[in-house]
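Please find below a note for a reader who is new to this structure. The points are numbered and may be read alongside the sequence and the model.

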Amino acid sequence: MATISSLGIGSGLDTATMLAQMKAAEQTRLNPYTSLQKKYEGRLSAWGKISSALNSLQTNVKKLNGEAFNTLNVSDNKAFKATATSKASADVHEVTVMQLAVSHKLRTTGYDSADEGLGEKTGATRTITIRQGDDKELKIELKDDETSLNQIAKAINKQDGDVRASVQNADGGYQLVLSSRISGTAGTMSISVEGDSQLGDILNTSDGGREVNPDEEESPSGGMIRVTAAQDAKLKVDGMTYTRPSNNITDLIAGVTLNLKSVSENGDSEQLTLSVNNSAIKTTLQDFVKQYNALLSLTSSSSKYVPADTSGLADDTVATTSSENGALMGDGTLRGMVGELRSAVNGVYGERSSAYSTLASLGISIDAATGQMTLDEKKLDAAIDDNADQIGEMFKGRAGEEGIASALSDIITKYAGDSESKTDGVIKGMTDSLDGQVKQVKEQIAKTQKLIDAQVERYRVQFENLDATMSQLNNLSNQLTSVLSTIG
């Protein structure tokens, strides 16, 4: 398109300004579409913020449905360290560690070199078999030139099994050391060599390995020497004795892991105390009030209605909608969601005769007009100290009855969905629809803009033609004037 500043030279008219005004008038054809785009994008943004706030509240509500009331303080103990999950319950247990689980370890006698071959020159391969328990078996095949301590260790480790091998340079010389990766008696190793009796005299081992008197000279034959015997952990919990292959025990007390560290002194039991962490309950409820209020603030601003200013308007003039209105003003889905949320938090849960069955009984008051919550921390502290279990039933539910946390979780899932269960909510369907509408409007804007550009181009061509015609007429007039002046 030619620049409009070149127009008007031939005609003397300000056609450039005229064309600019016509272009501006044509551009107003886009106004309905840009208004729709702004409206749809405003709704998308509002729903996005509300969905994010709902997800934050959902995270908190899920804690109130279990974790917050099952967070326990765990006592410090000398013979063991205990950790508790949300599945654990407040209780006291007597624990005695009678023996620790120990992994089996074997070694050879000492040799002057770790690289000298120890086997026979048979011209064939020999097979070392390491067995653990009834079903664990590791087989290593070696050639004549692969029987040094270093080569045997490398071949065993290459299998990446449940036995690790190393060569250690002790005072008595280089030793091949085998360590079981399986703790307890299940990891006991037995070793046999086929195809090489000389190497077999060194490695063949049964019954946990041979014992060597420190005062006697070690014989290089007779199998590997026991460094540590395989041993299961043994402990007593609340008077009952248990044997386990590992020092990390998870199946004795529900939700509790016991990491055994040492044998109990003098065989005396230690008291494991699991007590409710009241500070976790308070912190979670404080966050609940904060997240809920943030959500209500968003829904309030998104649905805000501001009356149009009609002052100074003539009787026949229609007032325009206020630009301060919320993007979701009058939205029925938003209104329904807020209604469900407010109904849930104002409900009665648990035993109606109990001291704590409403948020108000915990010190959480709700403004009837705005829905905003206010927390009385002193009243909340007193309620938690008085009966934390009853408060837990109020949120988690009891005997099949719904609690406030599950009621809120269902509402939030209905609208915002749930990533864990891969559930889409109502908001997802609405935003998908709005995305489609925005796309359609943008396409219409692009089409209309092309029509506007084509129309403006036609105006420009018409003005150029006008300039050319006027220029020709002016030249003709000047010529006639010149001729007439000569006649006079």
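Predicted model: local features only at pLDDT ≥ 70, side-chain atom pairs only at ≥ 80, totals over all residues.

1. A salt bridge joins the side chains of Arg 131 and Glu 137, at 3.0 Å from N to O; the term denotes a side-chain nitrogen of Lys or Arg within 4 Å of a carboxyl oxygen of Asp or Glu. Arg 131 is partly exposed at 34% relative accessibility, and Glu 137 is likewise partly exposed at 44%. Here buried means under 20% relative accessible area, exposed over 50%, and partly exposed in between, with a 1.4 Å probe and protein chains only.

2. Residues are numbered from 1 along each chain as its sequence is written, and side-chain values use heavy atoms, with hydrogens and water left out.

3. How many salt bridges does the rule give? The count comes to 19. One of them pairs Lys 282 with Asp 381, at 3.1 Å from N to O. Lys 282 belongs to helix H5 and Asp 381 to helix H7, so this pair ties together parts that are 99 residues apart in sequence. Asp 381 is partly exposed, its relative accessible area being 27%. Helices (H or I, at least four residues) and strands (E, at least two) are DSSP runs, numbered from the N terminus.

4. Further salt bridges deserve mention. Arg 29 is bridged to Glu 26, with 2.8 Å between the closest N and O atoms. Arg 29 is partly exposed, with a relative accessible area of 37%, whereas Glu 26 counts as buried at 12%.

5. Three aromatic pairs are found in a search of the whole structure. The ring centres of Phe 288 and Phe 395 are 6.5 Å apart and the planes stand at 85°, so this pair is edge-to-face. Phe 288 lies in H5 (residues 278–302) and Phe 395 in H7 (residues 377–396), so the pair ties together parts that are 107 residues apart in sequence. For reference, rings of Phe, Tyr and Trp (its six-membered ring) pair if their centres lie within 6.5 Å; planes under 30 degrees apart count as stacked, over 60 as edge-to-face and the rest as tilted. Ring pairs join Phe 69, Phe 288, Tyr 292 and Phe 395 into a cluster.

6. Are Phe 288 and Phe 395 buried or exposed? Both are buried. They are also among the residues with the most contacts inside the largest nonpolar core, together with Ile 50, Leu 54 and Leu 359; this core has 57 residues. A nonpolar core is a set of buried Ala, Val, Leu, Ile, Met, Phe, Trp, Tyr and Cys residues joined through side-chain atoms within 4.5 Å. At least two residues of the core come from each of H2 (31–70), H5, H6 (332–345), H7, H8 (404–416) and H9 (426–487). H2 supplies the largest share, twelve residues.

7. Leu 54 shows what such a position touches. Leaving aside residues up to four places away in sequence, Leu 54 is in contact (heavy atoms within 4.5 Å) with Leu 295, Met 337, Leu 341, Ile 412, Tyr 415, Ala 416 and Ile 427. Another core, of 25 residues, lies apart from the largest one and includes Ala 114, Leu 118, Leu 138 and Leu 176.

8. An open sheet of three strands has the order E6-E5-E9, with antiparallel pairing; two strands pair if DSSP finds at least two bridges between them. E6 (136–142) and E9 (189–194) are at the edges with a single partner strand each, so one side of each is left without a neighbour in the sheet. E5 (residues 126–132) is joined to E9 by six bridges, and Thr 129 has Ser 192 in E9 as its bridge partner. Helix H3 (residues 149–158) lies across E5 and E6 and runs at about 135° to E6. Axes are lines fitted to C-alpha atoms, for helices over the stretch in contact, and angles run from 0 to 180 degrees between N-to-C directions.

9. Which strands make up the five-strand open sheet? The order is E1-E15-E3-E11-E12, and the pairing is antiparallel. E1 (72–74) and E12 (240–244) are the edge strands, each pairing on one side only. E11 (residues 233–237) pairs with E12 over five bridges, with Lys 236 opposite Thr 241 in E12.
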